[in-house]
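Subject: Handing over the structure

Hello,

Here is the structure I promised to pass on. Please have a look at it first, and then read my notes below.

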Amino acid sequence: MSIVLYAEFAEGKFKKVALELASYAKKIAESLGTTVTAVTINAGDVSELSKYGVDKVLQVTNDKLAGFTAKAYADVIKQAAEKENAQLVLLSSTTDSMYLSGLVALALNAGFASNVTGLPVSIAPFQVKRTAFSNKAFTITEISTPIKVLGLAKNSYGIFENASTLTQEAFNPSLADADFGVKVTGIEKASGKVSIADADIVVSAGRGLKSPDNWGMIEELASVLGAATACSKPVSDLGWRPHGEHVGQTGKPVATNLYIAIGISGAIQHIAGINSSKIKVVINSDPEAPFFKVADYGVVGDAFEIVPELIQKLKAF
Ligand code: FAD
């Protein structure tokens with residue numbers, strides 16, 4: 001019996017969610033007295049995984065898997081889980097992994113819980129805590145099937161070093177033509193900047209900025225911090241910013257380490273999408289703005305004075 005996880009690899013390195021998943025898997029493995037096996041698809045150097053407690057890597061190298069192909073990837077993970085006699089199969093909550101998780105669970109006849117936010121609440125019965133109702137509540141979900149598939153919510157556990165001796169094994173699962181019915185054939189990046197999904201810090205701005213011409217300082221602050229830029233819904237509806245930057249209940253979810261909201265009122269639909277972020281900083285001229293109720297740090301003041309000053313201070317730091 002082992003724990004199998006899918007370690008996502010892109011642009012020459014493991015995604016941060018893969019390292020978080022490895023840290024998470026190791027912690028569970030230690031309490032169960034079992035091992036952690038990672039399955040990788042067309043990854044380069046996999047040795048980094050040993051830093052985070054992975055004991056074994058099943059390395060799949062196959063040109064047919066060069067583009068994301070949900071059914072084929074799910075088949076690879078299923079066969080890896082069967083080979084390792086896994087009872088726990090772990091994926092992250094990226095768009096690709098969310099897509100895969102259901103397919104993997106179906107293929108393994110396993111119970112599945114998505115958006116899991118921490119270590120299992122109990123092992124027998126097997127219960128996990130997961131977010132619900134747009135992050136406004138948590139549910140305790142029990143999985144009673146022998147094999148369990150979990151999708152770990154981003155930034156919900158953290159990345160911890162825990163060195164292991166890594167065994168690497170080439171793995172050649174059998175793939176059917178039917179696995180390749182739908183395939184991603186190319187990726188067009190919306191911009192060369194940090195993407196919201198990968199960002200540790202997100203600098204987000206709202207209608208309080210008054211005009212699209214005022215986004216220079218937001219871009220600059222994001223650049224100084226190595227952050228992604230985001231915006232409220234009306235801002236993207238007005239065409240001030242691209243739709244890809246709209247965050248909230250109907251936009252992209254944000255679960256980052258630091259979320260800075262500038263000139264955003266804090267409507268429930270906005271908060272619902274960003275509430276999983278660890279630290280929320282709000283800059284707003286209205287001390288009654290609802291956002292202050294959920295903020296960890298708040299600055300009451302004019303964004304047009306505070307943001308340039310903040311940039312200067314950070315540059316001098
Ligand atoms: P406003 O509400 O206009 O707030 C602007 C803020 O800027 C105010 O708090 C003001 O005090 C402040 N301000 C003004 N001038 C300054 C200054 N100089 N310096 C600092 N602060 C200043 N919204 C989302 O964002 N995401 C969603 O996913 C989303 N989904 C929705 C789904 C539904 C079904 C509905 C009905 C609404 C949804 N909304 C969503 C819209 C949401 O209800 C709010 O209308 C929206 O979030 C408000 O955007 P805002 O805070 O940018 O603008």
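Let me start at the ligand: one of its oxygen atoms is 2.6 Å from an N or O atom in the side chain of Ser232, a polar contact (a pair of N or O atoms within 3.5 Å; within protein, one must be able to donate a hydrogen and the other to accept it, and residues adjacent in sequence count only if both atoms are side-chain atoms). A ligand nitrogen lies 2.7 Å from a polar side-chain atom of Thr250, and a nitrogen atom of the ligand is 2.9 Å from an N or O atom in the side chain of Asp302. The protein covers 74% of the 980 Å² of accessible area that the ligand has on its own (Shrake-Rupley method, 1.4 Å probe).

Please keep in mind that this is a predicted model, where local features need pLDDT of at least 70, side-chain atom pairs count only at pLDDT 80 or more, and totals for chains, interfaces and linings use all residues. Residues are numbered from 1 along each chain as its sequence is written, and side-chain values use heavy atoms, without hydrogens and water.

Around the ligand there are 26 residues (each with a heavy atom within 4 Å of it), and Ser232, Thr250, Ser265, His270 and Asn284 come nearest. By class, this shell has 15 polar, 6 nonpolar and 5 charged residues. Helices H5 (233-237), H6 (268-274) and H7 (303-316) each supply at least two residues of the shell (helices are DSSP runs of H or I with at least four residues, strands are E runs with at least two, both numbered from the N terminus).

Two backbone details may also interest you. The peptide bond from Ala124 to Pro125 is cis, with omega near 0°, and Pro125 is found in the loop between strand E7 (111-116) and strand E8 (126-132). Asn85 has a positive phi of about 55° although it is not a glycine; this residue lies in the loop between helix H2 (70-83) and strand E6 (86-92).

Best wishes

Note on methods. Nonpolar A, V, L, I, M, F, W, Y, C, P; charged D, E, K, R; others polar.
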